[in-house]
Amino acid sequence: MIRFDVGPTILARFARELTEADEALLAHGPDVSRFDPEAVAAAHLAWTERIVDEFRSVVVFAELLQRMGECEAPFDALCAVHGLIGDELRHAAVCARVASWFGEASRFEVDLSGLALPPSDDPPAERALEIIVRELVVAEAESVTMFRAYRDATSDPSVRSALSLLLRDEVRHAAVGNELRAAVEPLVLGPHATSALARIADEEQRDRAYLRQTYFDGALGAAGRELGASVSRADLVRVDPAAYEPLSRESLAIAE
């Protein structure tokens, strides 16, 4: 498990510069004595699991920066990805802070190994575009709906502030993904460019459908809803009716 505490070193200065804007929002956690112990335990686990999710994005976007550098992507695009990596590091720290409100970090074993994407021999521009589409255009955009649902379902103001912080950045990341796609797509060249673009477009559609189904199947309104640990299917439908009402109708039809 990565350590999020910092000391009085030059390295720590970089950490403080990255996270200091979030400190005021996260200065005070909830009074956990007001909540059912089952809800607190669920929140502790959910926010701990989010550390892994956010740190995975750090690893994936680090590869994206490398690939974009190799294919000589525009400077502003490289700067944007550099910013994404910093955001995801911040998010991991935010999730660790919120998880600490509900219990000791040592209660769960957090494994941050093996988070990189499977290796690929694709040309740098093709690999970069695939990461942009699958991880930003699709995954970050779909997570906007999820974070909105969690934020709206949360009753505790401290947890709501943390979710609002994450949601704000997810909205920006989804928008950045569309612009990065436009910047990198013209760099996919060569005799196999057309087939590569078609493959990535197909993956885009399949990934979006898979994520929506996975989120819908997991939205069971379990314990800890008021602390950002769970949402219901109704929560998803309220946020994005166009995406989730069809799944809801299909689920009802199967049940009947």
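This is a predicted model: local features need pLDDT of at least 70, side-chain atom pairs count only at pLDDT 80 or more; totals for chains, interfaces and linings use all residues.
Biologist: What should helix H5 (residues 157-184) span at 1.5 Å a residue?

Modeller: Its 28 residues should span 40 Å, and the end C-alpha atoms are 40 Å apart, so the two agree. (Expected span is 1.5 Å times one less than the number of residues; helices are DSSP runs of H or I, at least four residues, numbered from the N terminus.)

Biologist: OK, which residue reaches the start of H5 with a side-chain oxygen?

Modeller: Asp156, whose oxygen comes to within 3.0 Å of the backbone nitrogen of Ser158.

Biologist: And what caps the N-terminal end of H2?

Modeller: Asp36 does that, with a side-chain oxygen 2.8 Å from the backbone nitrogen of Glu38.

Biologist: How many residues does H2 have?

Modeller: There are 34 in H2, and the helix reaches 51 Å from first C-alpha to last, close to the expected 50 Å. After H2 comes Glu72, which has a positive phi near 55 degrees.

Biologist: New topic: at what angle do H2 and H4 pack?

Modeller: About 150 degrees for H2 (residues 37-70) and H4 (residues 124-153), with axes 9 Å apart. That makes H2 roughly antiparallel to H4 (the label covers angles over 145 degrees).

Biologist: Which residues meet there?

Modeller: On the H2 side they include Arg50, Val60, Phe61, Leu64 and Met68. H4 brings Ile131, Ile132, Leu136 and Phe147, among others. Contact here means heavy atoms within 4.5 Å.

Biologist: What about H4 and H5, how far apart are their axes?

Modeller: Those axes lie 8 Å apart, at an angle of about 155 degrees. That makes H4 roughly antiparallel to H5.

Conventions
Residues are numbered from 1 along each chain as its sequence is written. Side-chain values use heavy atoms; hydrogens and water are left out. Axes are lines fitted to C-alpha atoms, for helices over the stretch in contact, and angles run from 0 to 180 degrees between N-to-C directions. Helices (H or I, at least four residues) and strands (E, at least two) are DSSP runs, numbered from the N terminus. Angles under 35 degrees count as roughly parallel, over 145 as roughly antiparallel, 65 to 115 as roughly perpendicular and the rest as oblique. A polar contact is a pair of N or O atoms within 3.5 Å; within protein, one must be able to donate a hydrogen and the other to accept it, and residues adjacent in sequence count only if both atoms are side-chain atoms.
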